[in-house]
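Here are my notes for your first look at this model. Please keep the structure open as you read.

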Amino acid sequence: MDVLTFAPDVARALKDGAPVVALESTIITHGMPFPQNVETARAVEAEVRAQGAVPATMAVMGGRIHVGLTEGELDALGQAKDVAKISRADIAACIASGRTGATTVAATMICARLAGIPVFATGGIGGVHRGAETSFDISADLPELAQTAVTVVAAGAKAILDLPKTLEWLETAGVPVIAYGQDQFPAFWSRESGLKAPLRMDSADQIAAAARMRAALGLPGGQLVANPIPVEAEISRAEIMPVVEAALAEAAAQGIAAKAVTPFLLQRIFELTEGRSLEANIALVMNNARLGAAIAGAMARGA
Ligand code: PSU
């Protein structure tokens with residue numbers, strides 16, 4: 001069944017075997033406030049283009065998966081109030097009902113695979129939430145990485161999560177976690193988490209070669225490339241962790257659960273840091289877009 005609507009430049013690039021980078025839309029609708037969300041989405045697309053690749057922002061609209069959005073669509077999505085945050089469990093229902101849906105990391109990976117785009121850049125993936133031993137709250141992003149062959153570039157996992165358990169989960173599921181240019185697994189707003197990443201690579205070519213080898217071996221699933229936030233934009237762990245703890249305590253007190261947890265925490269941390277967390281978030285997404293474009297270039301060259 002044909003459910004994909006390609007933006008003309010994305011269709012052309014895919015036909016020519018030129019580099020394309022998939023981008024998500026939940027970060028626009030649920031991850032950042034307006035107007036910074038739309039400005040950032042535009043800047044990220046421009047950065048991907050500046051690096052010689054074509055951006056393909058994904059969203060579900062009018063019963064179709066859109067692979068690449070027009071300026072008007074991006075703008076409308078950034079201001080819409082009733083957009084669903086969709087993942088593997090609800091993407092089909094959202095398309096079938098004609099509702100508008102923003103794609104999480106998991107849903108964007110599904111869309112990217114359907115569209116034939118092997119690389120996707122975002123901010124931070126979802127993971128194992130604190131207290132998961134009782135709540136069972138584990139982001140659907142993790143099992144998606146274990147089954148869908150897309151290389152995801154993120155600044156690690158958000159520091160609101162239980163990072164040791166997130167790494168354990170990924171290891172058990174056979175997902176390669178590759179720190180880029182350093183030994184430690186980065187923690188979104190901070191370059192370091194205190195945890196060593198299982199793998200380290202220092203070039204886009206190495207990452208592309210590893211993806212190709214996984215395909216050659218017939219291994220399902222993707223790779224997580226954990227790209228540390230640039231030094232000048234980072235908020236140190238010592239500074240961000242008390243803020244994260246305060247936001248987590250508020251979420252618990254208010255009984256925030258399931259899909260609402262991550263957007264609630266990001267918004268509270270934004271308020272508590274007086275906007276600094278958002279500046280850091282924007283800087284790390286831009287940085288991931290650059291690396292994503294480089295990896296897409298390396299894959300297109302067959303490096
Ligand atoms: N990266 C960001 N901001 C975000 C997200 C990623 O910089 O808001 C979104 C992604 O869509 C990711 C989601 O899939 O957060 C995780 O949500 P959850 O923990 O409910 O799975």
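How many residues of the shell around the ligand are nonpolar, polar and charged?

1. The shell by class. The shell around the ligand has five nonpolar, eleven polar and three charged residues. Here Ala, Val, Leu, Ile, Met, Phe, Trp, Tyr, Cys and Pro count as nonpolar; Asp, Glu, Lys and Arg count as charged; the others, Gly among them, count as polar.

2. Ground rules. This is a predicted model: local features need pLDDT of at least 70, side-chain atom pairs count only at pLDDT 80 or more, and totals for chains, interfaces and linings use all residues. Residues are numbered from 1 along each chain as its sequence is written.

3. Who surrounds the ligand. The ligand is surrounded by 19 residues, and the closest are Thr26, Gly31, Gly123, Gly126 and Ser139. A residue is near a molecule if its C-beta atom, placed from the backbone, lies within 6 Å of it. Two or more shell residues come from each of α2 (26–31), α12 (261–272) and α13 (276–301). The largest share, four residues, belongs to α2. Helices (H or I, at least four residues) and strands (E, at least two) are DSSP runs, numbered from the N terminus.

4. Glu24 sits in the loop between β2 (20–23) and α2. Glu24 is buried because 28 other C-beta atoms lie within 10 Å. The cut-offs are 20 or more such atoms within 10 Å for buried, 12 or fewer for exposed, and in between for partly exposed, with C-beta atoms placed from the backbone. Lys158 lies in the loop between β8 (151–154) and α9 (163–172). Lys158 is also buried, with 26 other C-beta atoms within 10 Å.

5. Their contacts. Not counting residues up to four places away in sequence, Glu24 touches Met58, Thr103, Thr104, Val105, Thr108 and Thr122. Contact means C-beta atoms, placed from the backbone, within 7 Å. With neighbours within four places in sequence left aside, Lys158 is in contact with Gly124 and Phe188.

6. Val105 is in helix α6 (residues 105–115). Val105 counts as buried, with 26 C-beta neighbours inside 10 Å. Leaving aside residues up to four places away in sequence, Val105 touches Glu24 and Asp141, among others. Ala140 is found in the loop between α7 and α8. Ala140 is partly exposed, because 18 other C-beta atoms lie within 10 Å.

7. Asp137 lies in the loop between α7 (132–135) and α8 (141–147). Is Asp137 buried or partly exposed? Asp137 counts as partly exposed, because there are 19 C-beta neighbours inside 10 Å. Beyond four places in sequence, Asp137 is in contact with His129, Ala132 and Val261.

Notes: Contact = placed C-beta atoms within 7 Å.
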